[in-house]
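Please look over the structure below before reading on. The briefing that follows goes through it topic by topic.

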Amino acid sequence: MINLLKHILSRSLAAVIFFGLSLPVFADGIHDHESLVKRYFPTMTELGELSGEPLAAEVKQNGKLLGYVYYTTDAIKIPAYSGKPIRTLVGFDMQGKIRGVNIVHHEEPILVVGITEADLQTFIDQYIGKSVFDKIKIGGRDRDGYKSIDAITGATITVMVLNASITRSIQLILKSRNLTPKSLAIAGPTDNPAAVDVEPTDQPVWIYVWKERLFQIAILCSGLFLLLLILVFQDWLVQHPVLYTRLRNGFLIWTVLFIGWYSLAQLSVVNVLTFVGAIFHGFSWDNFLIDPMMFLLWGFVAMTLLLWGRGVYCGWLCPFGALQELLFRLGQRFKIKSYEFPDGVHQRLWAIKYLILLALFGISLQSLVYAERLAEVEPFKTAITLRFMREWGFVLYALGLLVVGLFVRKFYCRYLCPLGAALTYPARFRIFDWLRRRKECGRPCQICAEECEVQAIRPTGEINANECHYCLDCQVTYFNDRKCPPVVEKRRKRERFSKDAPSKPVPVEFQATLKQPD
Ligand code: SF4
Ligand code: SF4
């Protein structure tokens, strides 16, 4: 134990040193990227030094000023998905046209895996030829004085931050050098001074992102509110099994389609590692507010973890978990025979996800980027974020897990998911214990234990809250007077009694016992 603590402390120290050393210090100078600048300005003969505030370098041809080049991070540092800004080289000419944009440094996890550099280049190439005074927005069509460019599926936040960094830094460079549409001799709609003001540069990007996503936010909040109602009125709902089953199926479909494939808001163990990294590296709310869907979901999950445990997320809000469950139910309709491991094996297999989590955590202390690559053990990016449009190896892995899940219900969740494992730790402090049990549960009755979707009920009848997915199936059974033996017995007694009863009035005190809660 002492050795383990020593090991954790030494890793933590290494992490502090690592993160301390890896603060974003950009040592490259503009001449390191002269070949890129040459591509922007093929007739260039001189490239000046970075100077002024914000830093920018003049590009000249035989003494004549052709334009400027600069790094976005020298003008404005907007933290992206990784919590660190994206360093981009931008060049524009004296006709007010953007001549070139290239990312020279980034630590975006979404770009480390899944999205290729070519995708990214295709995205930023859309700026070339645009006016420095254009208002540029991501997605949709050109309207209200805005020029729109296409986003990259699965990297929405990154591209929004890129867009804000590029457009805002251009405005700062123009302002600092007194470059106006008039001085750059630009004709047309940009003569309108209002068009010059792209966006207030002091407004955090996350506010802009939240405004852009108001509709999505409203739908997400409505869904989360509905889930809260389900939790609060769970005892009543589970006594109406048809309504409850429809509600649950509908909710799971919404989770896959809306939270998953539409909003790409699949939480991941990478978020947990990034959060831990942010604590070492300098916590900033801006980094977490940048994605409203993820922020709201994490906020909701944090609250429900402390109230009901990890099951609320895993049983209701995880798109991959919901996809597995829906496919399993579909498989059951096609009479696919499911398989359960014997309890002893099942309990040993649980350990795998905790080991994966510990390994990822240890590696993240050394290298967050490497840990993020290994976090591909999660099939989320493939199945949800990239909607299976990815290299075949990843697709095969995700599909393989879904196929196994047809036979062993929620196989991935039970045995492999490091996020599920991470959520069990704070859930140990949960306040509510609303899942009801009877003294007969486990001794001898095993009905709920056999039905539980993740084998979270011990043979002795107790629910293992660390593993429970809060599907409420056992609660439906708990109140079912055709299934739960003690309640069946009570119903039978009641029926026998009411058959015998007509001739005899029911004693008042006996009526009271019948109405007593179980
Ligand atoms: S265990 Fe993992 S995959 Fe399963 S529902 Fe929970 S977070 Fe999702
Ligand atoms: S059946 Fe009961 S114990 Fe099992 S996951 Fe659902 S709520 Fe939890």
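Helices (H or I, at least four residues) and strands (E, at least two) are DSSP runs, numbered from the N terminus. On that basis the protein has 26 helices and 7 strands. This is a predicted model, in which local features need pLDDT of at least 70 and side-chain atom pairs count only at pLDDT 80 or more, while totals for chains, interfaces and linings use all residues. Residues are numbered from 1 along each chain as its sequence is written, and chains are lettered from A and ligands numbered from 1 in the order in which they are written.

**Confidence**

- The average pLDDT (the predictor's confidence in each residue, from 0 to 100) is 85 for the protein, and 84% of the residues score at least 70.
- Over residues 187-200 the pLDDT is below 50, and this stretch has 18 contacts in the model beyond near neighbours in sequence. Two residues are in contact if their C-beta atoms, placed from the backbone, lie within 7 Å.
- Residues 509-518 also have pLDDT under 50, with 4 contacts beyond four places in sequence.
- Where pLDDT is low, the predicted coordinates should not be read in detail.

**Overall packing**

- Of the 518 residues, 38% count as buried. A residue is buried if 20 or more other C-beta atoms lie within 10 Å of its own, exposed if 12 or fewer, and partly exposed in between, with C-beta atoms placed from the backbone.
- Among contacts with a separation of 6 or more, 67% join residues 24 or more positions apart.

- In helix α8 (residues 205-212), the residues Val-205, Trp-206 and Val-209 are buried.
- Seen down the axis of α8, these buried residues fall within an arc of 95°, so they line one face of the helix. The arc is that of the directions from the helix axis to the C-beta atoms.
- Ile-207 and Lys-211, on the other side of α8, are exposed.
- The cover over the buried residues of α8 includes α6 (156-176), α13 (285-289) and α14.
- Helix α14 (residues 292-307) has 16 residues and should span 22 Å at 1.5 Å a residue, which agrees with the 22 Å between its end C-alpha atoms. The expected span is 1.5 Å times one less than the number of residues.
- Buried residues in α14 include Met-293, Leu-297, Phe-300 and Val-301.

- Leu-264 is found in the loop between α11 (241-262) and α12 (269-281). Its phi is near 55°, a positive value in a residue other than glycine.
- Leu-264 is buried, with 23 other C-beta atoms within 10 Å.
- Lys-410, in the loop between α20 (392-407) and α21, has a phi near 50°, also positive in a residue other than glycine.
- The peptide bond from Glu-53 to Pro-54 is cis, with omega near -5°. Pro-54 is in the loop between β1 (46-47) and β2 (57-61).

**Ligand surroundings**

- The residues around ligand 1 (C-beta atom, placed from the backbone, within 6 Å of it) include Cys-314, Cys-318, Cys-413 and Cys-417.
- Elements giving two or more residues to this shell are α16 (319-333), α21 (411-415) and α22 (418-427).
- Of the 15 residues around ligand 2, Cys-452, Cys-468, Cys-471, Asp-473 and Cys-474 come nearest.
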